[in-house]
Amino acid sequence: MDRRARPHMTSAPEARQRPADVATARFVLAAQLRLLERALAAWPRRDAALLDVNCGSGVFLPFLWACGFEVDGVEAEPAARGRAQSRCPTATVMAGSDDALPVEDDAYDWVLLHLEEPRRLAASLAEARRVARRGFAVTFWNRHSLAGLCGRLARAPLPGNATSWWEVARALRRMENAPARGQIASLSALAGPPRTWRAASPLSRCNRWLMALPLGAWGVFRCSLGPAGGVTPLALRLGDRFGRRMDERLSAPEPVLECGRKPLTSCLSGRGDEGGAS
């Protein structure tokens, strides 16, 4: 199949997926992009194709393309597909659902699945595993997070259909040809209550903490299907501790980005005449 270089919310209507407050929506998207950049940093992307499943209106497509991947998308809603194609003209956005992807086995190096319907979790993971040659990742809204608890008390649900970290982890272990335990890693974002999801909140910084724990409202599992990628042997985050003893190290090595960002203008001006409706 043709896999030319191409540059989230899930495929349900954006009005339900996106927080109503503009400042909150921007804060949430920024947190999601930071988490994805860190979670996918270990994936080599030179000449590597990535399929973004349930890409919605394509919020993540230009970002993934700028990170170096050749990107395609799958989306069930026609209107969202049109917006995604317009947002990222160098992508091919296909019609399809996460439990019946319209591509062949091992068609892509990497698959990024945005979980839309928890009842289809097992089938969606099986399809991601079928299509991915080197690895896949799944993002989800975590109902067992602090934000999920606050939302239930206030009768204000999370922006998307929610599952739990434990359910996703259990489904990954039970799937056929499951990745080995050492090939699965998880991170989460938005650890604070929804009232802190805005830059103006004095407690907004709490949403940058505890990313390695399953406490955030939005989580990601990264699953490798082969040997782990290279990591840098040096600590990347020295900060104001630059003067600490040189034999101190981070608790775990940080993955190293294989390359820098592509200029987004290349993506946005690539094939503007082929984009869908705005």
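Modeller: Let's start at Leu50. Leaving aside its neighbours within four places in sequence, Leu50 is in contact (heavy atoms within 4.5 Å) with Trp43, Leu64, Phe69, Glu70, Val71, Asp72, Tyr108, Trp110 and Leu112.

A word on what you're looking at: this is a predicted model, in which local features need pLDDT of at least 70 and side-chain atom pairs count only at pLDDT 80 or more, while totals for chains, interfaces and linings use all residues. Residues are numbered from 1 along each chain as its sequence is written, and side-chain values use heavy atoms, with hydrogens and water left out.

Back to Leu50. In the largest nonpolar core, which has 38 residues, Leu50 is among those with the most contacts inside it, along with Leu61, Leu64, Trp141, Leu190 and Trp197. By nonpolar core I mean a set of buried Ala, Val, Leu, Ile, Met, Phe, Trp, Tyr and Cys residues joined through side-chain atoms within 4.5 Å. Buried is under 20% relative accessible area, exposed is over 50%, and partly exposed is in between, with a 1.4 Å probe and protein chains only. At least two residues of this core come from each of α2, α3 (61-66), β4, β5, β7 and β8. Those labels are DSSP runs numbered from the N terminus: helices are H or I of at least four residues, strands are E of at least two. Helix α2 gives the largest share of the core, 6 residues. Another core, of 28 residues, lies apart from this one, and Val53, Tyr108, Ala132 and Ala169 are among its members. As a rule, nonpolar side chains in soluble globular proteins tend to be buried together.

Thr24 sits in helix α2, and it counts as buried because its relative accessibility is 11%.

Now follow Trp141, which stands opposite Trp218 in β8. Strand β5 (residues 132-142) runs antiparallel to β8, and 7 bridges join them; two strands pair if DSSP finds at least two bridges between them. Strand β7 (residues 184-189) is also antiparallel to β8, over 6 bridges, with Leu187 opposite Val220. As for β8 itself (residues 218-224), 7 of its 7 residues are buried.

Helix α5 (residues 121-131) buries Leu121, Ser124, Leu125, Glu127, Ala128 and Val131. Seen down the α5 axis, these buried residues fall within an arc of 160°, so they line one face of the helix; the arc is that of the directions from the helix axis to the C-beta atoms. Their cover includes β1, β4, β5 and α7 (165-174).

Asp47 lies between α2 (22-39) and β1 (49-53), and it counts as exposed because its relative accessibility is 65%. Its phi is near 60°, a positive value in a residue other than glycine. Most residues other than glycine have a negative phi.

Zooming out, buried residues make up 49% of the 278 in the protein, and the secondary structure comes to 8 helices and 8 strands.
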